[in-house]
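Welcome to this set of exercises. Please look through the sequence and the 3D view below, then try each task before you read its solution.

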Amino acid sequence: MKTESKISFPLYKICYSLAFVAVLSLVRGVSSVAEIGNVMQQAMGILAVVFCADTYMQEVQSSRAEVFGLYSMRKKLRVVYTRLAVQTAYLYGVSILGYGCFFWQRPVSSWDGDPAWVSFLMYLAAMPAMLLFCGTLSMTAANLLKNLWAGIGLGALVWFGLISSGADELLGKWNVFSFAFRDIQRTLDVSWLCGTGCSLLLAAAMLAAEPAILGRQQTGKKKRSRNMRKSVSGEEDNYEY
C-alpha cells in the first residue's frame, strides 16, 4: 500500500488537485451552505477524471513497464485496484478540504433553516461513489483505447454530458450527479441516493471488465513480440543466404 501511494501521488498531482479546489472557492460564489455541495460534486467529477486516468497507463509508459509486464494478471489487477482505491480516498479528502474553503464567503446555513451539518453529512455520503465512478471511467477508457489523453477526453465528454441540464431532465434522480441537481430548499430530500447507487453499479461493471481489457493488451503484446521475432529470424535467414 505504501509503495502504491508513492507511485500514485507525484508532487505535480498533489499540487494541481489542491490548487483546483482553492481556485474554485475563489471564483465560484455561493450564497448558502447547501449550495457548496452542488458546486463541489460537479467540479470534483472532472478532477477525478483527470487524476485517475493514468492509474494503469503510468506503468505502461514508465521505466517499470518491463517488470510490470511480468506480473500475473491477478497481481496486475491488485495493483490497479489498490491505486484506484487510494486515489479515490485522496480525492475524497480533497473534496472535504474544498468544501471548507468556501466558508470564507460566509454562506448562510440554508434556505429552510436546517443546520449546516445536515448538508455536510449528505455531501459526505454523496461524494465517494461519484469519485469512484469518474475515476474508474477515465482509467477504463484510457486502458481500452491504450491512450491516456483519449481516456481523459472520453471521460470529460461523459462528465460534461452528465452535468448538463438535458441529462438532469432525462435521468432525473438516476443521474450520477443527481446530488448536484437536487433542490437545495429541500435539504432532507434523499432521492439523489438513486444516482449514488447507479454510480456504484457502473463503477463495479467497469472494474469487472478490467481483466478482459488488460488481458487483451497482454495478448496484443505477445502477438507483436512473436511477429518481431519472426521478422528478425527472416532477416537473419536472408543474410545467411
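**Exercise 1. A residue and its neighbours**

Which residues does M127 touch, not counting residues up to four places away in sequence?

*Solution.* Before we start, note that this is a predicted model, in which local features need pLDDT of at least 70 and side-chain atom pairs count only at pLDDT 80 or more, while totals for chains, interfaces and linings use all residues. Residues are numbered from 1 along each chain as its sequence is written, and side-chain values use heavy atoms, with hydrogens and water left out.

- Step 1: Recall that contact means heavy atoms within 4.5 Å.
- Step 2: With that rule, M127 touches M40, Q41, M44, Y92 and S95.
- Step 3: Place M127 in the fold: it is found in helix 7. Helices (H or I, at least four residues) and strands (E, at least two) are DSSP runs, numbered from the N terminus.
- Step 4: Look at accessibility. Buried means under 20% relative accessible area, exposed over 50%, and partly exposed in between (1.4 Å probe, protein chains only). M127 has 0% relative accessibility, so M127 counts as buried.
- Step 5: Compare sequence and space: M127 and G37 are 90 residues apart in sequence, and their C-alpha atoms are 9.1 Å apart.

**Exercise 2. Another residue of helix 7**

Describe the surroundings of L131.

*Solution.*

- Step 1: L131 also has its place in helix 7.
- Step 2: The relative accessible area of L131 is 0%, so L131 is buried.
- Step 3: Leaving out residues up to four places away in sequence, L131 touches M44, A48, T88, L91, Y92 and S95.
- Step 4: Take Y92 from that list. L131 and Y92 are 39 residues apart along the chain, and 7.4 Å separates their C-alpha atoms.

**Exercise 3. The whole chain**

How many helices and how many strands are there in the protein chain?

*Solution.*

- Step 1: Count the elements: the protein chain has 10 helices and zero strands.
- Step 2: Read them from the N terminus on, and you get α-α-α-α-α-α-α-α-α-α.
- Step 3: Of the 241 residues, 45% count as buried.
- Step 4: Take the contacts between residues at least 6 apart in sequence; 81% of them join residues at least 24 apart.

**Exercise 4. Helix 6 against helix 7**

At what angle do helix 6 and helix 7 pack?

*Solution.*

- Step 1: Helix 6 (residues 73-101) packs with helix 7 at an angle of about 140°, and their axes are 9 Å apart. Axes are lines fitted to C-alpha atoms, for helices over the stretch in contact, and angles run from 0 to 180 degrees between N-to-C directions.
- Step 2: Name the arrangement. Angles under 35 degrees count as roughly parallel, over 145 as roughly antiparallel, 65 to 115 as roughly perpendicular and the rest as oblique. Helix 6 is therefore oblique to helix 7.
- Step 3: List the residues of the contact. From helix 6 they include V80, L84 and Y92, and from helix 7 they include M127 and L131.
- Step 4: Sort the contact residues by class: 14 are nonpolar, five are polar and none is charged. Here Ala, Val, Leu, Ile, Met, Phe, Trp, Tyr, Cys and Pro count as nonpolar, Asp, Glu, Lys and Arg as charged, and the others, Gly among them, as polar.

**Exercise 5. Helix 7 against helix 8**

How far apart are the axes of helix 7 and helix 8?

*Solution.*

- Step 1: The axes of helix 7 (residues 116-145) and helix 8 (residues 148-162) are 7 Å apart, and the angle is about 140°.
- Step 2: That angle makes helix 7 oblique to helix 8.
- Step 3: Among the contact residues are F133 and L137 of helix 7, and G151 and L154 of helix 8.
- Step 4: By class, this contact has 10 nonpolar, three polar and no charged residues.

**Exercise 6. Two loop residues**

Where are R106 and K146 found?

*Solution.*

- Step 1: R106 is in the loop between helix 6 and helix 7, while K146 is in the loop between helix 7 and helix 8.
- Step 2: Most residues other than glycine have a negative phi. R106, however, has a positive phi near 55°, and K146 has a positive phi of about 60°.
- Step 3: R106 has a relative accessible area of 75%, so R106 is exposed. K146, at 43% relative accessibility, counts as partly exposed.
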